[in-house]
Amino acid sequence: MSEALFASELERERSTARLRLRPFGLGDVEAVLAYSRKPGFARHLPLPLPETGAYTRDDAEERLARLRLADWSVDATWALCLANDPSDAPIGSVRLSLDAPNYKADLGYALDPDRWGQGYAREAVRATLDHAFETWPSLAKVECHSTADNAASRRLAEAVGMRHEGRLRRFVVIRGRAVDIDWFGLLRAEWERA
Ligand SMILES: CC(C)(COP(=O)(O)OP(=O)(O)OC[C@H]1O[C@@H](n2cnc3c(N)ncnc32)[C@H](O)[C@@H]1OP(=O)(O)O)[C@@H](O)C(=O)NCCC(=O)NCCS
């Protein structure tokens with residue numbers, strides 16, 4: 001019943017001023033492996049630390065295979081590519097997972113560390129929020145979460161209008177350390193006002 005309220009699929013290919021958003025393909029493995037292994041990328045993520053070499057080609061291939069198999073009507077992940085780059089190599093990703101029974105969606109994002117600080121994540125996330133709220137009239141809220149010490153993620157969430165809703169203490173274990181998680185949310189009415 002609630003799924004019917006979200007019957008329109010999000011666009012698999014979209015563009016913003018500087019970016020092309022598209023599904024990942026298995027041919028993206030080199031690019032994904034390269035940026036995922038850069039220092040800093042996985043610092044706040046529940047991944048093996050790539051710079052130690054623990055993030056392997058198999059890990060990257062498995063991730064891309066999972067993304068190819070995902071059901072896009074509820075779980076969409078876009079590769080972010082520079083619009084003016086003929087190689088079309090991904091520099092990051094934005095993900096939206098729908099929780100249809102509860103009229104909400106969960107947002108995730110990650111960018112090649114060499115591209116940080118240039119507003120690419122902000123541009124992709126803003127466009128994705130607009131697209132989700134416009135495509136799904138029943139969508140009441142988009143939320144996202146990150147570790148409490150992930151300052152860049154918090155800046156990004158707040159820059160796109162999300163509000164800090166709370167902190168869950170020692171909520172997940174990342175590489176053996178129990179860490180706090182911050183939750184952020186954007187209600188439809190707040191998106192409309194922005
Ligand atoms: C979270 C993450 C995507 C944020 O990336 P980012 O590059 O800091 O974020 P943005 O692309 O929005 O860039 C914002 C910065 O670019 C600057 N900027 C430059 N040109 C800009 C433009 N044209 N438009 C907007 N901002 C611009 C802004 O001033 C801003 O800097 P500030 O935050 O100091 O104010 C990145 O840190 C990351 O990939 N981390 C690893 C993965 C991760 O932890 N993901 C979160 C878990 S959900």
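Let's start with a helix pair: helix H1 (residues 29-36) packs against helix H2 (residues 57-69) at an angle of about 120°, and their axes lie 9 Å apart. Because angles over 145 degrees would count as roughly antiparallel and 65 to 115 as roughly perpendicular, that makes H1 oblique to H2. The crossing of the two helices, H1 and H2, is right-handed. Please keep in mind that this is a predicted model.

Which residues make the contact? From H1 come Val29, Val32, Leu33 and Ser36, while H2 brings Arg57, Ala60, Glu61 and Leu64. Sorted by class, the contact of H1 with H2 has five nonpolar residues, one polar residue and two charged residues.

## The sheet and its edges

Now to the strands. Eight of them form an open sheet with mixed pairing, in the order E1-E2-E3-E4-E5-E6-E8-E7. Strand E1 (14-15) and strand E7 (163-174) are at the edges with a single partner strand each, so one side of each is left without a neighbour in the sheet.

## Walking through the pairs

Along the sheet, E4 and E5 pair in the antiparallel sense over eight bridges.

The next pair, E5 and E6, runs parallel and is joined by three bridges. Here Ala105 stands opposite Val142 in E6. E6 is also joined to strand E8 (residues 177-187) by seven bridges, and these two strands run antiparallel. Two places to look are Lys141, whose bridge partner in E8 is Leu187, and His145, which stands opposite Trp183 in E8.

At the E7 end, E7 and E8 pair in the antiparallel sense over eight bridges. Ile174 stands opposite Arg177 in E8. E7 and E8 form a hairpin with two residues between them, and Arg175 in the turn has a positive phi of about 45°.

## A helix across the sheet

Which strands does H3 lie across? The list is E1, strand E2 (19-23), strand E3 (75-82), strand E4 (90-99), E5, E6 and E8, and H3 runs at about 30° to E4.

## Around the ligand

H3 turns up again at the ligand. Strand E5 (104-111), helix H3 (120-135), strand E6 (141-147) and helix H4 (151-159) each supply at least two residues of the shell around the ligand. So far as pairing goes, E5 and E6 are the strands joined in parallel by three bridges.

Which residues come nearest to the ligand? Of the 21 residues around the ligand, the nearest are Trp116, Gly119, Ala121, Arg122 and Ala152. By class, the shell has 11 nonpolar, eight polar and two charged residues.

Key
Residues numbered from 1 in each chain as written. Predicted model: local features only at pLDDT ≥ 70, side-chain atom pairs only at ≥ 80, totals over all residues. Near = placed C-beta within 6 Å. Helix = DSSP H or I, 4+ residues; strand = E, 2+ residues; numbered from the N terminus. Nonpolar A, V, L, I, M, F, W, Y, C, P; charged D, E, K, R; others polar. Axes fitted to C-alpha atoms, helices over the stretch in contact; angles between N-to-C directions. Parallel < 35°, antiparallel > 145°, perpendicular 65-115°, else oblique. Left-handed = near helix turned anticlockwise from the far one by under 90°. Contact = placed C-beta atoms within 7 Å. Pairing = 2+ DSSP bridges.
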